[in-house]
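Student: Could you take me through this structure step by step? I am new to it and would like to ask as we go.

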Amino acid sequence: AAALQEKADGANKLLSGLSGENARWTEDSKNFALRRKKLVGDVACVCAFVVYCGPFNSEFRERLYNEFLADTQKRGVPGHPKVEQVEFLVDKGTLGEWALEGLPSDELSIQNAIMVTRSSR
């Protein structure tokens with residue numbers, strides 16, 4: 001009887017622990033659905049940045065990118081109000097590799113590296 005009670009107590013502990021995971025997973029699922037919906041506008045803006053902004057200096061790139069963001073919002077395309085191109089297109093590991101290879105850590109150099117590695121022309 002004592003062994004059965006221990007098993008029942010263990011099962012109850014497991015179930016109560018899993019109920020907390022269920023709440024977390026439900027919340028994560030909602031967040032994932034929202035992120036997935038906004039991915040369309042985010043990808044459109046970042047792609048426009050890579051395709052159209054390459055030949056320009058950082059000030060004009062920023063101006064164009066802000067126009068891309070405003071245009072997608074005006075057209076009702078789901079997306080985040082501001083998408084950081086570098087964080088969206090490159091992970092921290094790649095940034096670290098580039099730094100080890102001698103790439104300066106300024107925003108313009110990183111953007112140029114993204115354009116070189118993420119475009120076909």
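**Surface, ring pairs, pocket and salt bridges**

Tutor: Leu15 is exposed, with a relative accessible area of 56%. Here buried means under 20% relative accessible area, exposed means over 50%, and partly exposed lies in between (1.4 Å probe, protein chains only).

Student: What kind of model is this, and how are residues numbered?

Tutor: The model is predicted: local features need pLDDT of at least 70, side-chain atom pairs count only at pLDDT 80 or more, and totals for chains, interfaces and linings use all residues. Residues are numbered from 1 along each chain as its sequence is written, and side-chain values use heavy atoms, with hydrogens and water left out.

Student: Where is Leu15 placed?

Tutor: Leu15 sits in helix H1, residues 2–52. Helices (H or I, at least four residues) are DSSP runs numbered from the N terminus.

Student: Which residues make a nonpolar surface patch?

Tutor: Leu14, Leu15 and Leu18 make a nonpolar surface patch of about 310 Å². Patch residues have over 30% relative accessible area and no salt bridge; like charges are joined within 9 Å, and nonpolar side chains (Val, Leu, Ile, Met, Phe, Trp, Tyr) within 5 Å. The areas come from the Shrake-Rupley method with a 1.4 Å probe, and for residues only the protein chains shown count as cover.

Student: Changing topic, how many aromatic pairs are there?

Tutor: The count comes to three aromatic pairs. Rings of Phe, Tyr and Trp (its six-membered ring) pair if their centres lie within 6.5 Å; planes under 30 degrees apart count as stacked, over 60 as edge-to-face and the rest as tilted. Phe49 and Tyr65 form an edge-to-face pair, because their ring centres are 5.6 Å apart and their planes stand at 80 degrees. Phe49 lies in helix H1 and Tyr65 in helix H2 (residues 58–74), so this pair ties together parts that are 16 residues apart in sequence.

Student: Are Phe49 and Tyr65 buried or exposed?

Tutor: Both Phe49 and Tyr65 are buried. Another aromatic pair, Tyr52 with Phe68, is tilted, at 6.3 Å centre to centre and 50 degrees between the planes. That pair links distant parts of the chain, with Tyr52 in helix H1 and Phe68 in helix H2, 16 residues apart. Tyr52 counts as exposed at 53% relative accessibility, whereas Phe68 counts as buried at 18%.

Student: What lines the largest pocket?

Tutor: Its lining consists of Phe32, Arg35, Arg36, Leu39, Asp42, His80, Val83, Glu84 and Phe88. The largest share of that lining, five residues, comes from H1. A pocket is found on a 1 Å grid over the protein atoms alone, as an open set of points where a 1.4 Å probe fits, with protein on both sides within 12 Å along at least five of seven lines; lining residues have an atom within 4 Å of a point.

Student: And how many salt bridges are there?

Tutor: There are three salt bridges, each a side-chain nitrogen of Lys or Arg within 4 Å of a carboxyl oxygen of Asp or Glu. In one, Glu62 pairs with Lys82, the closest N and O atoms being 3.0 Å apart. Glu62 is in helix H2 and Lys82 in the loop between H2 and helix H3 (85–89), 20 residues apart.

Student: Which side chains meet in the others?

Tutor: Arg63 meets Glu67 at 3.8 Å, N to O, and Arg75 meets Asp71 at 2.9 Å, N to O. Arg63 and Glu67 are four residues apart in helix H2, so about one helical turn separates them.

Technical notes: Helix = DSSP H or I, 4+ residues; strand = E, 2+ residues; numbered from the N terminus.
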